[in-house]
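Keep the sequence and the 3D view open as you read.

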Amino acid sequence: MDGKILVVSYDEMLERFVPKPTDEDEPEAELSTLNFQPDGKPSVEAEMYGPLVEAFNDTWLLPGLVARATPHKGDTNVASKEKIDGGLYPIGDAPSGADYTNWSTIELSIECKMESVQDDPFDDTRTNNFQPMALRGRRVLGQIMSYSVLVFDNQQRTHHFTLVIFGDMARIVRWDRSGAVVSEKFNYVQEPLKLARFLWRFSRLSAAQRGHDSSATRLASGTPNHDLILRRRLVPYKVEGHILGKHAYDEFMRSTTDERSFWKLEVHDSKKTRAFLVGKPHFIADGLAGRGTKGYVAIDLDDSDGPFVYLKDAWRVAHPRMRQEGEVLAYLADPTVGSPVKNVPTLVCHGDVPLQVTDTQRVWKDKHPDAEADECPLKTHHHYRMVVKEVGLPISTFCSGVELVFMIVNCIIAHRDAYRKGVIHRDISSGNILIYPREVVGPDGKLKTTREPLLSDWELSKFLDDADAGPRQPGRTGTWQFLSANALRDLSKPIIVEDEMESFFHLILYLAIRYLPHNCSAVGPFMEKYFDGFNEVAATQEYSCGDAKLTAMKLGVIKPDAMSERLQFFAAPCPPPSQAVDSSSGVVPGDQASNDKRERHPIEGLMYEFLLWISGYYCLRRDEELRSKYGAGNSAAPAERASSRTMPAIQEESTAQIFAWLGDWEAPAQPTESTHDREVLLPEQRRIYERYAANLADHDEVINLFKRHLRTPTPGTSWYIVDKQEDQLPPGYRPGDERAVGVKRSMVDSYAAAAPGGAGGKRGRPGSITSGPPRKRSGR
């Protein structure tokens, strides 16, 4: 939230966002009589709740709402089971004697702290960044941010209010996807009228004014659409007796276990407004400020008994040169403008939600009337929905190394075809490549399934004819873990083909290090250094590429740890350290000499040749910089073949389809000169690097590289192996996360550790932000 928090006066907060009702006079005299002061100074937070709840629940103050203290029990319907001190709820949907937080119905979040100075989550004395410097205040800010995230996650929201009380002081906070507007602190004990006036007005706001999305309807039990969801849970979609889209049905079942989460969402397409039924989001973007993307497996009410579809709900950046994602997909599929691009999602409908635009940036602009448009650090976000035909599986569900390579090369082909139509993707990441099981019932009545890749999430794409018009928004946009080292070093650098190809390399490495056998003994620390690592540039206070990634790109070698010469991949998992030495193979677990005797995985040869091209490109760039400034391995034979292991049926069928796809393709001849690491390149070396760099910039050369390694893998290796294993990333892995048992998690500090600036991001599935490494929460 760095730079995304604005402090305004109490009067401005109410005038802008909590106005007087038009049909009722404000009873100032009665409001002045309310007393929120506890009897004596509380010794613990819990002693603050009773007097506040009692005063709030005066019947005339909050018609239709009721205050509840919920400091002891978290909401069991959210994974984190987080709780908040209290809140205002609709009378019919408030927690009862169970005393638990209900994130799906809370209207106003209330957090209480003991100290008037130390527990203040904001610092009015700072000019451009109102986050406190003190750790204690940052922890309070992190808590109230994380609570607001849970409200956005479990409701359909445009914005949300928080009342934070610390000692005798209080603040009102209004959160939206652009940032937060915060009132100046006021003494609610000495000036109870200010707190009473806010509560009185808040309870009389319309649902839209309180932050509810008017294009979303929660489905009440017994209504036709509610019953439709229950009916679709009972029977999967079938064609001629075959169940189709079982993966989508399974996900729909998981998302509709809680009937409080049944919603009807409107999509305002240019042709007509369409409606879709959903349960809980299948995917939720982390953080508060940003696109706030949610993904749903949905029922199309225009085809209520048909196949499930995928609905994406996001707050897109509303910039004149930022095209809607659905517009890009429609263009890529348009047969009148070149050939349609294959292996991208099929658009069903899309559109902005009318009148739902963030407000925080407007407050900043009103306070800086003379500022240029590009000086505003806050982005304008417009609520947007898009529906596509395909419900995909995460790329992490690949069944073998050869299928992983097949999926990636076909996405490179899609990237090439889109580029030829004038569009560059600009956000290659593990969350944006999916596997789609395409199912067809043939004339013989048999079901045939083909697993195909989808290159998705085109919302950050750019048309090439716009490439020279300058940046569309401040900062670097993309997914931190997969951006090229050059892009992370220079935020003003336009993304070009070489950067995108490097992102594909990082993607292969990211998945291979997690799911294929290798010699890296500590996957978590490797992932943190290589993918989440960063350096802070003191002069600009910006974040730059981490050393591990940059060094690998420059030298063409990936080191898993200080003890290993380079990262190696094997055809079979390494025996556990407790296993005795295999006398027939001489393999000693963890021993480098023993590793050299193990059968290598063919993906290693592909990755290191790919990396050689990238390294050549970096060396050539370095040489050009120097000229501008100053002028002028052995492979041991494997001891044992791993291909004797039996393939699962899905892998066997997938592998057969992949080599059928290759057909009679033949690899073009490739020179194999070696290179040397020099500060200044000799003419012969420069010619080699120039060719590598040219290869990296040429989609067809990269595609041929992949095909060549599929057709003719490194001698002594084979793709016909059982190589996929369980995720080797430690459970609950989060970079820089030092967990403290029994302590409320601080969103600000944990994000500051894992993502510079606390900018947020996404949990579980890497995401797209502009200042630091992101987090996401699942695959789609």
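Is Phe463 buried or exposed? Phe463 is buried, with a relative accessible area of 10%; here buried means under 20% relative accessible area, exposed means over 50%, and partly exposed is in between (1.4 Å probe, protein chains only).

Two notes before we go on. This is a predicted model, where local features need pLDDT of at least 70 and side-chain atom pairs count only at pLDDT 80 or more, while totals for chains, interfaces and linings use all residues. Residues are numbered from 1 along each chain as its sequence is written, and side-chain values use heavy atoms, leaving out hydrogens and water.

**Helix H17**

- Helices (H or I, at least four residues) and strands (E, at least two) are DSSP runs, numbered from the N terminus.
- H17 takes in residues 649-662, which is 14 residues, and spans 20 Å from its first C-alpha to its last. That is close to the 20 Å expected at 1.5 Å a residue (the expected span is 1.5 Å times one less than the number of residues).
- Its buried residues are Gln651, Ser654, Thr655, Ile658, Phe659 and Leu662. They sit on the same side of H17, because they cover an arc of only 130° around the axis (the arc is that of the directions from the helix axis to the C-beta atoms).
- An α-helix has 3.6 residues a turn, so residues three or four places apart point the same way.
- Over on the other side of H17, Ala649 and Ala660 are exposed.
- What covers the buried residues of H17 includes helix H10 (401-420) and helix H19 (699-711).

**Aromatic pairs**

- Searching the whole structure turns up 18 aromatic pairs. Rings of Phe, Tyr and Trp (its six-membered ring) pair if their centres lie within 6.5 Å; planes under 30 degrees apart are stacked, over 60 edge-to-face, and the rest tilted.
- Phe534 and Tyr543 make an edge-to-face pair, 5.5 Å centre to centre with 75° between the planes.
- Phe534 is partly exposed at 31%, whereas Tyr543 is buried at 17%.

**Charges over rings**

- Arg323 lies over the face of Phe463, 3.6 Å from the ring centre. To count, NZ of Lys or CZ of Arg must be within 6 Å of the ring centre and within 35 degrees of the ring normal.

Note on methods. Contact = heavy atoms within 4.5 Å.
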